[in-house]
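Here is a short report on a protein model. Keep the sequence and the 3D view open as you read.

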Amino acid sequence: MSINRRQFLRLAGVSTVLGVGGASVLSALTGKGEAVSQTTPHFTTDPRAITGKRWGFAIDVRKLKTDEDYQKCISACHDIHNVPDFGNPKDSVKWIWKDTYEHTFPTVTEDEIMNKELKEKPFILFCNHCAQPACVRVCPTKATYKRKDGIVMQDMHRCIGCRFCMAACPFGARSFNYRDPRGKDANGRPFIRKENKEFPTRMIGVVEKCTLCYERLAVGLLPACAEASNGAIVFGDLEDPNSEVRKVIDANYTIRRKPELGTQPSLYYVIGGRE
Amino acid sequence: MLEKALIGSKRYWLWIGALLAVIGIAFIQYLHQFSYGLGITGLSRDVSWGLYIGQFTFLVGVAASAVMLVIPYYLHDFKKFGKIVILGEFLAVSAVTMCVLFIFVDMGQPMRIMNVVLHPTPNSIMFWDFIVLTGYLVLNIVIGWTTLGADRKGVHPPQWVKPLIYLSVPWAVSIHTVTAFLYAGIPGRHFWLTAIMAARFLASAFAGGPALLIILSLLVRKLTKFDPGYEPIQALGKIVTYAMFANVFFLGLEFFTAFYSNIPGHMAPIEYLYTGFEGHGKLVSIMWTSSILAVLSLTLLVFPALRRNENILAVACVSMFVSLWIDKGFGLIVGGFVPNMFEGVTEYWPTVPETMITIGVWAIGFLVLTVLYKVAVAVREEGGYHD
């Protein structure tokens, strides 16, 4: 058997990372040389996967007419991502939510005589997946990091729960698990009402947020909120001038939240233009 | 030398026992927090740091203040600090120990703390804070222990400790600067986004830390046979006075910029702290308490005739310490989170378990301090001090 210590360690490490476990390492070692090469890691992208250079959204809330329309987008996300409901605002965890224009754009609404209808118009908010994210800059463990396609990711297994990212995010996009999301309330009702076994639940004491449906993009599905939005949330590659999201931005007047802070948000809100 | 901490009077052991009892109660509370989660505290999605991080920030200042003894003694040969410089160094050890513990109890996943080392991230200020605080702790233990050991034998400290002492001066400045950078580099938190934050931190540290040291020196004189001396305490009193004036001046600069510019985002947190904001004002009374105590302490300190009376000096130092503790250990953190990122208000107030855990960490700090001071005082009582 021609395998030295170093090869063994590498093999064992890789197997563990892949979750293959000890059994296959053993079989690889006791088997022929071919068995070793078979367990060498190789990653293939699903041919259905959607890829891009910088994901972004154009959000036209004029197309969200009723409260139900908003709720559909929110539930679509929260249900598949096992977002817990702790039943109080203090501990609340949310990936996508609705708030007024005034709260969404606080720096541009210091205006007493502005259009009241617009001022109180509900908007839909989630992580801006900024091009220059403050949260990534401050994280002491790289638990939050930026992917090549622009997604600001969150590794809930590495997060130490220091909440520096929550202090740094100017958009309030991050939530902390102040309680165990896998637990139950005093009446025995689970915080995750109906668990989606396809997506991991989180543990107590870590920060979480919208991860731009990376798991759906990987198999060729659109982000859940966009899919449920009836065309109000348009998703696409901001760096592709022919993408649908760019066409919406080109044809309409759009604004972003707190652009003066230089984080370069990737969410564009349609305020005026063609409907 | 540590064996000296094992011999003490009945009063000494009663004090140690009381501290251990407090630590025990707090530890049970911490176990509760560990299983239930940080939901046990008053923290929320909007105010995600509170009392724990406030204590951490405040105590980094106390730790840094040892430099106010080290500079005069080692750089300017101000001999009068010779007897008490060790008290400053050991206070720093105790303060940094508390800092580390406050970070630990604030973490959602404390068992993963080594991730900071396993995945070093130089772009994170918290990574650097971890480095400078650990370094400062080691520096002060090594310097304090070595110089005291030499004193005990009646010899000069070894030569190799000198460079470490010089290094500890900029290092002390670095711990508080880096800690200020945790806040001062965050976009969107108007209260923290100020270039003068590090300067404010240093000024308040050099006021609050030596003020505590004066109180401790007076206690040491009262409780032991070791007298730190009248003059060193008076010299510290002058340092405290200057530093506190600088601190109040810097705070005034913040007020000017916020209110003369009339920018709503800059004014809002200050309004929340001192007058209430949109009907919310949980912190108004304690912030004014802080201001009144600051004025009181400065009034007592600025007149030399008053300051020379050690009883008045003690009152001034206690007032100042409490004032700074409220301002930096509480108001500064909460003010960064109110109003929140949507210009809404979620208020914060610590819960009972949170307060008890906080008191417990302070008790651990006092335990470390008591043991170290016991050793230092025992060496001094033996007469083991030579210029």
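## A residue in a loop

Start with Thr45(A). This residue sits in the loop that runs between α3 (33-39) and β1 (55-59) of chain A. Bear in mind that the model is predicted.

Is Thr45(A) buried or exposed? Thr45(A) has 8 C-beta neighbours inside 10 Å, so this residue counts as exposed. Now look across to Ala218(A). In sequence, Thr45(A) and Ala218(A) are 173 residues apart. In space, their C-alpha atoms are 7.6 Å apart.

## The sheet

Next, find the sheet in chain A. Four strands form this open sheet, in the order β8-β1-β10-β9. The pairing is mixed. The edge strands are β8 (233-237) and β9 (252-255) of chain A, and each pairs on one side only. From one strand to the next, the twist averages 35°.

Strands of a sheet pair through backbone hydrogen bonds, either parallel or antiparallel. Here, β1(A) and β10 (267-273) of chain A pair in the parallel sense, over three bridges. Ile59(A) stands opposite Tyr269(A), a residue of β10(A). Helix α11 (244-251) of chain A packs on the sheet and touches β1, β8, β9 and β10 of chain A. The direction of α11(A) makes about 115° with that of β8(A).

## Where the chains meet

How many residues of chain A are in contact with chain B? The count is 41, and they meet 34 residues of chain B. On the chain A side, α7 (134-138), α8 (164-168) and β6 (175-176) each give two or more residues. α8(A) gives the most, with four residues. By class, this side of chain A has 19 nonpolar, 11 polar and 11 charged residues.

Note on methods
Residues are numbered from 1 along each chain as its sequence is written. Chains are lettered from A and ligands numbered from 1 in the order in which they are written. This is a predicted model: local features need pLDDT of at least 70, side-chain atom pairs count only at pLDDT 80 or more; totals for chains, interfaces and linings use all residues. A residue is buried if 20 or more other C-beta atoms lie within 10 Å of its own, exposed if 12 or fewer, and partly exposed in between; C-beta atoms are placed from the backbone. Two residues are in contact if their C-beta atoms, placed from the backbone, lie within 7 Å. Ala, Val, Leu, Ile, Met, Phe, Trp, Tyr, Cys and Pro count as nonpolar, Asp, Glu, Lys and Arg as charged, and the others, Gly among them, as polar. Two strands pair if DSSP finds at least two bridges between them. Axes are lines fitted to C-alpha atoms, for helices over the stretch in contact, and angles run from 0 to 180 degrees between N-to-C directions.
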